[in-house]
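Work through the exercises below with the sequence and the 3D view open. Each task is followed by a worked solution.

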Amino acid sequence: MTYGSSITVGMDAMTAATAWTSVLAHTLKWDLLNKGFAGSCMLEYDMAEYLAQLGEQNAYDAGILELGINAMTYPDKTVYPVASCNDKDFQNLMDVYLDAVLHPNIYQKEEIFCQEGWHYE
């Protein structure tokens, strides 16, 4: 089971079969349950509960949460979209976003640089 942003949905993939989620599932010979939500991926409380219930029902053997902050960069500004239909979730998201943008952990934890891997052929 995968849940995440446009990256999880496979927005830039040429076909559904070439999205990273499909390639991973094919490589591991797993069935894929893709719950990617593109820009709506905010992991609100209700979604977290839903994913937990799926796990309790053994609907998936492994779960991948791809969560991050989307940003749109313009010549004079960067915009971080935040949305929720629930006011409490919105306030919580704003706290997380503002903390991540204004006080990034990358300055305190050098290992953050080592978390991504790239492979070119």
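This is a predicted model: local features need pLDDT of at least 70, side-chain atom pairs count only at pLDDT 80 or more; totals for chains, interfaces and linings use all residues.

**Exercise 1. Decide whether Thr21 is buried or exposed, and list what Thr21 touches.**

Solution. Start with the location: Thr21 lies in helix H2 (residues 20-28). Next, take the relative accessibility of Thr21, which is 2%. Buried means under 20% relative accessible area, exposed over 50%, and partly exposed in between (1.4 Å probe, protein chains only). Thr21 therefore counts as buried. Last, leave out residues up to four places away in sequence; Thr21 then touches Thr2, Thr8, Leu32 and Asn34, a contact being heavy atoms within 4.5 Å. For the whole chain of 121 residues, 20% count as buried.

**Exercise 2. Find the partner of Lys77 in a salt bridge, and say which ring Lys77 lies over.**

Solution. Side chains of opposite charge can pair when their charged atoms come close. The rule asks for a side-chain nitrogen of Lys or Arg within 4 Å of a carboxyl oxygen of Asp or Glu. Lys77 meets the rule with Asp76, the closest N and O atoms being 3.8 Å apart. The structure holds one salt bridge. Lys77 is partly exposed at 44% relative accessible area, while Asp76 is exposed at 62%. Now turn to the ring: Lys77 lies over the face of Tyr74, at 5.2 Å from the ring centre. A charge sits over a ring if NZ of Lys or CZ of Arg is within 6 Å of the ring centre and within 35 degrees of the ring normal.

**Exercise 3. Name the residues that make the nonpolar surface patch of about 350 Å².**

Solution. Patch members have over 30% relative accessible area and no salt bridge; like charges are joined within 9 Å, and nonpolar side chains (Val, Leu, Ile, Met, Phe, Trp, Tyr) within 5 Å. The patch is made by Tyr80, Leu98, Val101 and Leu102. Among them, Leu98 is found in helix H4 (residues 87-102). Leu98 is partly exposed, with a relative accessible area of 43%. Accessible areas come from the Shrake-Rupley method with a 1.4 Å probe; for residues, only the protein chains shown count as cover.

Methods:
Residues are numbered from 1 along each chain as its sequence is written. Side-chain values use heavy atoms; hydrogens and water are left out. Helices (H or I, at least four residues) and strands (E, at least two) are DSSP runs, numbered from the N terminus.
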